[in-house]
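Please keep the sequence and the structure in view while reading.

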Amino acid sequence: MNFSSEQPKIIVVGSSSIDLVLETDKLPLPNETVLAVNSESYFGGKGANQAVGTARLGASVYFIGCVGMDPLGQQIMRNLVGEGVNVGFVHETDKESTGTAYVTTCEGNAAIVVVPAANKYLKKSHIDEADRYFHTSDLILIQLEVSMDVVEYTVKKAKKYGRKVGLYASPAMRVSDEVLEQVDFIVAKSNELFIIFGEEKREEVLKKYFNKVFVRDDTNSTVYFDGTEMKYYRKNKEKTVYKMGMGDAFTSGFAIALCHGNSIEDCVKFGNEVSSRVSGSKGSQTGLPRMSDFFS
């Protein structure tokens, strides 16, 4: 794989949150009460995860998002700054609190409820404020934890300047054909293809969007169609501690490898390697590797 000395410029448009994680001996059934054996909080949100992920891998990153005017929002801002992410386009709103995710986890399985809160107040006008950075960026990354209006507007602006765009289509929702055609790569979960594409058969989706759609599952397996055959790549860690954030980690690794001009196959392999390392630590951002980790 090739990683040059040049620093990729990446804009991440998306969500940030605080993840409140409860570890239990079993996931509660409807109307059932269980006791937590441990509770912890971590930095999360798919956008913030990808901003930190790509920054640790050597990119110059601008994050465009929205937090509340509360202590949690300030914690997120300090964390991003500490990770070397430019937060000049992170907006604060007094209309909602900072986004949160409530996670109940047991033996690797999780039940997750996301409260978007301030993330809903990211507007198209906020994207315009960063306009001058779009035409000099190498890649724009987006997810689906902000409004679809913002997603579509971001893609339109990026393509206006001829920039590459990566979409992590999660949490799953129907994405317009225009966006699907315009973005340069799409990461999706294997059990959510019908929601995103309106097509249930994985093979049909992959063949239509060859070398463009990368389907993931929670075993850190990735499948795509290269125009000739189906390609599979899997990178398992002996012990998976935490599955949240693995898709963001894959997207970060894939994006960095792509910015450095690597082949699609190598981008997938590097994405899976980054994702594997995240799964060994608690928290979506805790285990995100730095580029030096791969060459030490």
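A residue is called buried here when its relative accessible area is under 20%, calculated with a 1.4 Å probe on protein chains only. The model to which this criterion is applied is a predicted one.

By that criterion, the buried residues of helix α1 are K46, G47, A48, N49, Q50, A51, V52, G53, T54, A55 and R56. Because eleven of the eleven residues of α1 are buried, this helix is largely enclosed by the rest of the structure. After α1 comes G58, which has a positive phi near 100 degrees.

A pair of packed helices is described by the angle between the two axes and by the distance between them. For α1 (residues 46–56) and α9 (residues 246–259), the axes come within 9 Å and cross at roughly 40 degrees. The crossing in which α1 passes α9 is right-handed. On the α1 side, the contact is made by K46, N49, Q50, G53 and T54, which meet D248, T251, S252 and I256 of α9. The residues of this contact comprise one nonpolar, six polar and two charged.

Helix α9 also packs against helix α10 (residues 264–278): their axes come within 7 Å and cross at roughly 140 degrees. Antiparallel helices would need an angle over 145 degrees; α9 and α10 are therefore oblique to each other. Here too the crossing, of α9 past α10, is right-handed. From α9, the residues M246, A249, F250, G253, F254, A257 and L258 take part, and they meet I264, C267, V268, F270, G271, N272, V274, S275 and V278 in α10. This contact of α9 with α10 divides into twelve nonpolar residues, four polar and no charged.

Within α5, the buried residues are M148, V150, V151, T154, V155, K157 and A158. Which elements cover the buried residues of α5? The cover includes the strands β1 (9–13), β8 (139–142) and β9 (164–168), together with the helices α3 (124–129), α4 (131–134) and α6 (177–182). Just after α5, G162 adopts a positive phi of about 70 degrees.

Notes. Residues are numbered from 1 along each chain as its sequence is written. This is a predicted model: local features need pLDDT of at least 70, side-chain atom pairs count only at pLDDT 80 or more; totals for chains, interfaces and linings use all residues. Side-chain values use heavy atoms; hydrogens and water are left out. Axes are lines fitted to C-alpha atoms, for helices over the stretch in contact, and angles run from 0 to 180 degrees between N-to-C directions. Helices (H or I, at least four residues) and strands (E, at least two) are DSSP runs, numbered from the N terminus. A crossing is left-handed if the near helix is turned anticlockwise from the far one by less than a right angle, and right-handed if clockwise. Contact means heavy atoms within 4.5 Å. Ala, Val, Leu, Ile, Met, Phe, Trp, Tyr, Cys and Pro count as nonpolar, Asp, Glu, Lys and Arg as charged, and the others, Gly among them, as polar. Buried means under 20% relative accessible area, exposed over 50%, partly exposed in between (1.4 Å probe, protein chains only). Angles under 35 degrees count as roughly parallel, over 145 as roughly antiparallel, 65 to 115 as roughly perpendicular and the rest as oblique.
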